[in-house]
Amino acid sequence: MPTEATGAPTTLGASNSPFPDNDQGKSSQLRMNLALFAIGLATFAMLFSTQALLPDIATAYGVTPDRASWTVSATTIGLALAVLPLSTLSERFGRRRTMTVSVAVAVALAMVIPFAPDLSTLTALRAAQGMAIAGIPASAVAYLSEELPPRATVGAVGLFIAGNSVGGMSGRVLTGWVAEGFGWRAALGAVAVLGLLAAVAFRVLLPRSRNFTPASLRPRLVLRSVRDHLARPLLLRLYAIGLLLMTAFSAVYTVVGFRLVEEPFGLSAGLAGSVFVIYLVGTGTSSVTGPALERMGRRGSLYVAIGTVTAGLLLSLADQLAAVLAGLVLITAGFFFGHAVASGSVSRTATHGKAQASALYQIAYYLGASLGGTLGAMIYHRAAWPGLVAFALVALSATAAITLYATRRAVNERRALATAA
C-alpha cells in the first residue's frame with residue numbers, strides 16, 4: 001500500500017473502486033470512524049478544558065467571569081486563525097500526517113498548561129493550543145469525504161462530531177470532579193492524560209489515505225479556492241449558520257457553571273461539572289444526522305435544530321434545577337444536530353478544495369465560539385441568565401432567517417422551472 005504522500009492508486013481486496021464494498025473495506029471504514037471519534041474526543045476535551053473550571057480560575061486569579069472566559073475564547077480564536085493555513089498544509093502533506101502532528105503538539109501543550117503561573121500565561125498557552133488543534137477539524141472532514149462514499153460521509157462526520165460531544169462532556173465532567181478533590185490545576189492535568197490516550201488510539205486506528213492526491217502550496221491557488229467557496233451562496237449560508245449556532249451554544253455553556261454554583265442552586269464544582277454529561281445527548285443526535293437528512297432534507301433538519309434549541313433556552317429561564325437541566329438537554333441536542341447538518345453539508349457541497357471549504361466553516365464556527373464565550377460572559381455579568389438567554393435567542397433568530405431565506409429561494413426556483421416547462 002502506498003504512503004499518503006504519493007496519492008498513488010491502490011486496491012483493497014479484489015476491488016479497484018476507491019470505495020470498496022467488501023469485508024476489508026468495511027473493516028477499514030470502522031477503523032476510520034473509531035479513529036476520528038477518538039481524535040474528536042481529544043479535540044473537544046482539550047479545547048474547552050477550562051470551561052467547567054472558570055469559577056475556580058476566576059477565584060484563583062481574582063478576576064471577573066468575562067476575564068476568566070478568555071482562557072476559552074483565546075483557544076477558539078487561535079483555532080480560527082490557524083485552521084485555514086493548516087488545512088492548506090494538509091492539502092500538500094496529507095490529512096493523516098497533519099492531524100497526527102496537530103494532536104501531538106496540542107497534547108504536549110496540555111501537559112504544560114497546568115503549571116501556568118498567571119492568567120496571562122495560561123491564556124497565551126491556551127491560544128497556542130488552539131492553533132495546534134486547528135489542524136484537526138478541517139482535515140478530518142476532508143479525510144472522510146475522500147476516503148468514504150458520498151452517502152457514508154455525512155454519517156461519518158456525525159460520528160466525528162459525536163466524538164466532539166463525548167470529549168466535551170468527559171473533559172468538563174472530569175475537570176469538575178478532579179478540581180473538587182485536588183484543585184483546578186490537577187483537573188487540567190487529567191485532561192492532558194485523557195487527550196494523550198485518545199491521540200494514541202487515533203494514531204493506531206486510522207488507516208493510511210487511499211484517495212489523497214497532494215496539491216500545490218502556491219498561495220494563488222489557495223486564494224482562488226477560498227474565493228470560489230466564498231462566492232457560493234449556499235456555502236456562505238452554511239458558514240453563517242455554523243457561526244450563529246455556536247455563538248448561542250458557547251454562550252450558554254460558558255456561563256452555566258457560574259449560574260449553577262450560585263443561588264438558588266448552590267451546586268458544588270463537581271456537581272456543576274457533572275451537568276456536562278448532557279453532552280452525551282449530542283452524541284446521539286449528531287450520529288443520526290444521515291438518516292434525518294434523507295427524511296427531512298437540509299433545511300427541514302435545520303428548522304428542527306433551531307426549534308429545539310429555542311425551546312431549551314426558554315425552559316432554562318426557570319429557577320428549578322430540573323427545568324434548567326431539561327433545557328440544557330434540548331439546547332445540546334438541537335445544537336449538535338444542527339452543527340452536524342451544516343458541517344456535513346459543506347463537505348458535500350464543495351466540489352474542490354474540500355479542506356479549504358471545511359476550514360472556512362471551522363473559522364466561522366470557532367469565531368462563534370469566541371463571540372459566544374466572551375460576549376456571553378459579559379452579558380451574564382451584567383444582565384444575569386435572562387440577558388444571556390436573550391442574546392442566544394437573537395443568534396437563533398438570525399439562523400432561522402437565513403434558513404427561511406434559503407427555503408423561499410428554493411421554492412421560487414422550483415416555481416420558475418415549472419413555469420418554464
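**Figure 1. Overview of the predicted model.** This is a predicted model, in which local features need pLDDT of at least 70, side-chain atom pairs count only at pLDDT 80 or more, and totals for chains, interfaces and linings use all residues. Residues are numbered from 1 along each chain as its sequence is written, and side-chain values use heavy atoms, with hydrogens and water left out. The protein has 16 helices and zero strands (DSSP runs numbered from the N terminus, with H or I over at least four residues for helices and E over at least two for strands). Of its 421 residues, 56% are buried (buried is under 20% relative accessible area, exposed over 50%, and partly exposed in between, with a 1.4 Å probe and protein chains only). The accessible surface comes to about 16300 Å², and carbon and sulfur atoms account for 66% of that area (Shrake-Rupley method, 1.4 Å probe; for residues, only the protein chains shown count as cover). Among contacts between residues at least 6 apart in sequence, 83% join residues at least 24 apart (contact means heavy atoms within 4.5 Å).

**Figure 2. Packing of helix α5 against helix α9.** The axes of α5 (residues 95-112) and α9 (residues 184-205) come within 9 Å and cross at roughly 160° (axes are lines fitted to C-alpha atoms, for helices over the stretch in contact, and angles run from 0 to 180 degrees between N-to-C directions). The two helices are therefore roughly antiparallel (angles over 145 degrees; under 35 is roughly parallel, 65 to 115 roughly perpendicular and the rest oblique). Their crossing is left-handed (the near helix is turned anticlockwise from the far one by less than a right angle; clockwise is right-handed). On the α5 side the contact includes Met99, Val103 and Val107, and on the α9 side it includes Leu188, Leu196 and Phe202. The residues of this contact comprise ten nonpolar, two polar and two charged (Ala, Val, Leu, Ile, Met, Phe, Trp, Tyr, Cys and Pro are nonpolar, Asp, Glu, Lys and Arg charged, and the others, Gly among them, polar).

**Figure 3. Packing of helix α5 against helix α6.** Helix α6 (residues 119-133) packs on α5 at an angle of about 165°, with the axes 8 Å apart. That angle makes α5 roughly antiparallel to α6. The crossing of this pair is left-handed. Among the α5 residues involved are Val105 and Leu109, which belong to a contact that includes Leu125 and Ile133 of α6. This contact has nine nonpolar, two polar and no charged residues.

Figure 4. A cis peptide bond, with omega of about 10°, joins Glu263 and Pro264. Pro264 lies in the loop between α11 (233-261) and α12 (269-274). Ala384, in helix α16 (residues 354-420), has a positive phi of about 60° although it is not a glycine. Most residues other than glycine have a negative phi, and most peptide bonds are trans. Ala384 counts as partly exposed, at 37% relative accessibility.

Figure 5. At 7% relative accessibility, Phe258 counts as buried. Its contacts beyond four places in sequence are Leu54, Pro55, Pro65 and Tyr380. Phe258 and Ala377 are 119 residues apart in sequence and 9.4 Å apart in space, C-alpha to C-alpha.

Figure 6. Ser370 lies in helix α16 and counts as buried at 6% relative accessibility. Leaving aside residues up to four places away in sequence, Ser370 touches Ser73, Thr76 and Ile77.
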